Amino acid sequence: SSGINAEWPLRPGEALRETLKNAIIVDGVTRGLRESVKRLDKREALLCVLAESTDEKNILKLVEALCREHGINLIKIDDAKKLGEWTGLCKIDKEGQARKVVRCSCAVIHAFGTESQALDIINDHFKRTVVPEA
């Protein structure tokens, strides 16, 4: 379910993809569950992206809990393969298409790199989205 995406001005995937791309340039993205959880635990994360298509439901709960506990913004997307592609875990063929994409169930941004409209959109989204207390 991608219910959080309803009110984004720019298509949410594009804003997130752009933000990840800028972060990768400055080596600001941690990929994979174990490494991401370490970053979250040390409060080194600025933004966490979680793919809901993972089989590890306990891991989903752990990541959600860490983000909540440390006040780290969390974006959920539907597909681990998409997250793999967006975080560069793939080969790009000569037509510019992603090939051999490796699934990535969690990624953490710890440095955004350049300021961008995409990042503004994401930050603005979190300002407007007040998470109700559980």
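This is a predicted model: local features need pLDDT of at least 70, side-chain atom pairs count only at pLDDT 80 or more; totals for chains, interfaces and linings use all residues.
Now look at H3 itself. The helix has 14 residues. From its first C-alpha to its last, H3 reaches 20 Å, close to the 20 Å expected at 1.5 Å a residue.

Which residues of H3 are buried? They are Leu60, Val63, Leu66, Cys67 and His70. These five cover an arc of only 135 degrees around the axis, so they sit on the same side of H3. The spacing makes sense. An α-helix has 3.6 residues a turn, so residues three or four places apart point the same way.

Turn the helix over. What does the face away from the buried side carry? There you find the exposed residues Asn58, Lys61, Arg68 and Glu69.

And what follows H3? Glycine 71 does, and its phi is positive, near 65 degrees.

On to salt bridges. How many does a search of the whole structure find? Seven. I'll take three of them.

Glutamate 64 and lysine 76 meet through their side chains, at 2.6 Å from N to O. Glutamate 64 is in helix H3 (residues 57–70), and lysine 76 is in strand S3 (residues 73–77). The two are 12 residues apart, and the pair links distant parts of the chain.

Next pair. The side chains of arginine 17 and glutamate 85 form a salt bridge, 3.0 Å from N to O. Arginine 17 lies in helix H1 (residues 12–25) and glutamate 85 in helix H4 (residues 80–86), so this pair ties together parts that are 68 residues apart in sequence. Arginine 17 is partly exposed, at a relative accessible area of 39%. Glutamate 85 also counts as partly exposed, at 29% relative accessibility.

Last one. Arginine 99 bridges to aspartate 93, with their closest N and O atoms 2.8 Å apart. Arginine 99 is partly exposed, and its relative accessible area is 44%.

How values were computed:
Residues are numbered from 1 along each chain as its sequence is written. Side-chain values use heavy atoms; hydrogens and water are left out. A salt bridge is a side-chain nitrogen of Lys or Arg within 4 Å of a carboxyl oxygen of Asp or Glu. Helices (H or I, at least four residues) and strands (E, at least two) are DSSP runs, numbered from the N terminus. Buried means under 20% relative accessible area, exposed over 50%, partly exposed in between (1.4 Å probe, protein chains only). The expected span of a helix is 1.5 Å times one less than its number of residues. The arc is that of the directions from the helix axis to the C-beta atoms.
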